[in-house]
Amino acid sequence: MNVPWTLEELLPHRPPMLLIDAVEEFDPEAKSLTARVTVAPGQIFFVAGPDGAGGVPNWVAIEYMAQTCAALAGCWDRHVAPDRPARPGLLLGTRKLVLGLDRFEAGRTYHVTAVNAFWDADAASFECTVRDESGAEVASAVLNAYRPPDLEGFLKEQAKQ
């Protein structure tokens, strides 16, 4: 399904921390979303290499996946209630992280997919993959997230503890 919403309508992130470029596909039946990331010099985590080549460290895959999960949650929110804004959430943890490359290379495009594995009112688990332009899987993980009904109130309460 083509997505009629902008990334700014789906995610709380703004440049330079908005790391995904676009939503490529949202499938409400499968509760899945694929986003696109193109690596370029000047991006926040970009590191120039000594040979002139460069890229983004592999550990940034977690944030690529987290933002793709957030975009999926935002699309789902808009899909079921078009007038309701997307709710921000918090990444709780990562399991089964596999990083199959040292860096995301400059000039390359990667496709990040998040599939809902579990979802209740406030908590969710997502199976995520990152694939390169050839379709080869270069990273994967299971991400767990929490979206409190009142994020500001939740954060204030956590700060007291």
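How many aromatic pairs does the structure hold? In this predicted model, the structure holds six aromatic pairs.

A pair of aromatic rings is described by the distance of the centres and the angle of the planes. Two of the pairs are listed here.

| Pair | Centre to centre | Angle between planes | Class |
|---|---|---|---|
| Phe104 and Tyr110 | 4.9 Å | 85° | edge-to-face |
| Tyr146 and Phe154 | 5.3 Å | 65° | edge-to-face |

Both Phe104 and Tyr110 are buried. These two residues also belong to a cluster, in which ring pairs link them with Tyr64.

The residues of the other listed pair are not buried. Tyr146 has a relative accessible area of 22% and is therefore partly exposed, because buried would require a value under 20%. Phe154 has a relative accessibility of 24%, so Phe154 counts as partly exposed too.

A ring also takes part in a contact with a charge. The charged end of Lys31 is placed over the ring of Trp76, at 4.8 Å from the ring centre.

On the surface, a nonpolar patch is made up of Trp59, Leu97 and Leu99. Together these residues have about 280 Å² of accessible area. Leu97 lies in strand 5, which spans residues 90–99. With a relative accessible area of 38%, Leu97 is partly exposed.

Definitions and conventions: Residues numbered from 1 in each chain as written. Predicted model: local features only at pLDDT ≥ 70, side-chain atom pairs only at ≥ 80, totals over all residues. Heavy atoms only, no water. Phe/Tyr/Trp six-rings, centres within 6.5 Å; stacked < 30°, edge-to-face > 60°. Buried < 20%, exposed > 50% of the residue type's maximum accessible area, 1.4 Å probe, protein only. Lys NZ or Arg CZ within 6 Å of the ring centre and 35° of its normal. Patch = residues over 30% accessible without salt bridge, like charges linked within 9 Å, V, L, I, M, F, W, Y side chains within 5 Å. Areas by Shrake-Rupley, 256 points an atom, 1.4 Å probe, with all protein chains shown as cover. Salt bridge = Lys/Arg side-chain N within 4 Å of Asp/Glu carboxyl O. Helix = DSSP H or I, 4+ residues; strand = E, 2+ residues; numbered from the N terminus.
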